[in-house]
Amino acid sequence: LSGPTHIYNLMPMPPQPYLGKAVNHTQCTQGATATTTGDCTKEGPYGPNYTPADLVSFTDNNSNASRAIQLRSAPAAAVQSFISDVNNTSSLYLKPGQKVFVYVGYRDYQTQLDLCTDCAARKADNDPNNDNCLAAPAAYSNHRDGMAADIYIYDQSNKSYHDLTPTLKAKAASYGLINLTIDPPHFDYKP
């Protein structure tokens with residue numbers, strides 16, 4: 001399987017350009033993406049002691065690895081319904097061998113901080129991947145609030161990852177899952 005290993009160490013990360021992409025959807029338009037490692041620790045609504053009260057876990061078996069995903073209860077229900085609907089009617093939306101799956105939902109503070117710090121450090125080093133690296137400060141990411149999920153298409157035939165098509169993004173919106181256009185796999189739950 002191509003792609004670098006993600007910090008979750010659960011399965012290989014989808015290949016570039018998504019390494020390190022974690023975007024704060026609520027604050028992004030207000031300039032809350034981190035550009036230096038110091039930005040990663042700025043105070044915000046989802047600090048180190050914050051954990052959503054209604055996190056639920058579910059298993060997503062639609063990629064090459066079965067993993068537990070956590071989201072708040074309402075977005076979890078919406079994501080599961082969307083994925084079940086699409087995968088059960090896959091001939092309408094997907095090529096043979098493809099499934100829609102959740103890569104990540106809720107992130108704890110340390111995971112978001114590590115992601116942000118890695119992204120900011122690569123930007124500081126003029127890493128060629130820096131244009132593809134957007135990361136919210138640890139206390140600002142909607143992943144921290146359990147209201148965001150990264151959703152991909154996984155192609156079992158060649159073990160590759162793809163962004164959702166415009167048709168699937170529109171279908172996701174009917175479940176309250178709104179795509180953040182600057183971060184193609186990222187969906188916020190907004191009923």
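This is a predicted model: local features need pLDDT of at least 70, side-chain atom pairs count only at pLDDT 80 or more; totals for chains, interfaces and linings use all residues.
Residues are numbered from 1 along each chain as its sequence is written, and side-chain values use heavy atoms, with hydrogens and water left out.

**Figure 1. The whole chain, for orientation.** The chain has 4 helices and 7 strands, taken as DSSP runs (H or I of at least four residues for helices, E of at least two for strands) and numbered from the N terminus. Reading from the N terminus, the order is β-β-α-α-β-α-β-β-α-β-β. Of the 191 residues, 50% are buried, where buried means under 20% relative accessible area, exposed means over 50%, and partly exposed is what falls in between (1.4 Å probe, protein chains only). Take the contacts (heavy atoms within 4.5 Å) between residues at least 6 apart in sequence: 69% of them join residues at least 24 apart.

**Figure 2. The largest nonpolar core.** A nonpolar core is a set of buried Ala, Val, Leu, Ile, Met, Phe, Trp, Tyr and Cys residues joined through side-chain atoms within 4.5 Å. The largest one has 21 residues, and Val79, Phe82, Val100, Val102, Ile151 and Leu177 touch the most other members. At least two residues each come from β2 (67–72), α1 (73–88), β3 (98–104), β4 (148–155), α4 (166–173) and β7 (186–189). Helix α1 gives the largest share, 6 residues. Apart from this core lies another, of 11 residues, with Cys40, Tyr109, Cys119 and Tyr140 among them. As background, nonpolar side chains in soluble globular proteins tend to be buried together.

Figure 3. Leaving out residues up to four places away in sequence, Val100 touches Asn62, Phe82, Ile83, Val86, Asn87, Leu94, Ile151, Tyr152, Ile153 and Leu168. Gln80 is in helix α1 and counts as partly exposed because its relative accessibility is 37%.

Figure 4. Which residues of α4 are buried? They are Leu168, Lys171 and Ala172. As for partners, the buried residues of α4 pack against α1, α2 (90–93), β3, β4, β6 (177–179) and β7.

**Figure 5. Aromatic pairs around Tyr152.** The whole structure has 8 aromatic pairs; rings of Phe, Tyr and Trp (its six-membered ring) pair if their centres lie within 6.5 Å, with planes under 30 degrees apart called stacked, over 60 edge-to-face and the rest tilted. Tyr103 and Tyr152 make an edge-to-face pair, because their ring centres are 6.3 Å apart and their planes stand at 90 degrees. The pair links distant parts of the chain, with Tyr103 in strand β3 and Tyr152 in strand β4, 49 residues apart. Tyr103 counts as buried at 6% relative accessibility, and Tyr152 does too, at 2%. Tyr152 also pairs with Tyr161: the centres are 6.0 Å apart and the planes at 70 degrees, so this pair is edge-to-face. Ring pairs join Phe101, Tyr103, Tyr152, Tyr154 and Tyr161 into a cluster.

**Figure 6. A charge over a ring, and two loop residues.** The charged end of Lys42 sits over the ring of Tyr140, 5.3 Å from its centre; the cut-offs are NZ of Lys or CZ of Arg within 6 Å of the ring centre and within 35 degrees of the ring normal. Lys159 is in the loop between β4 and β5 (160–162), and its phi is near 50 degrees, a positive value in a residue other than glycine. Pro137, in the loop between α3 (109–124) and β4, counts as buried at 0% relative accessibility. Pro137 and Gly47 are 90 residues apart in sequence, yet 9.8 Å apart in space, C-alpha to C-alpha.
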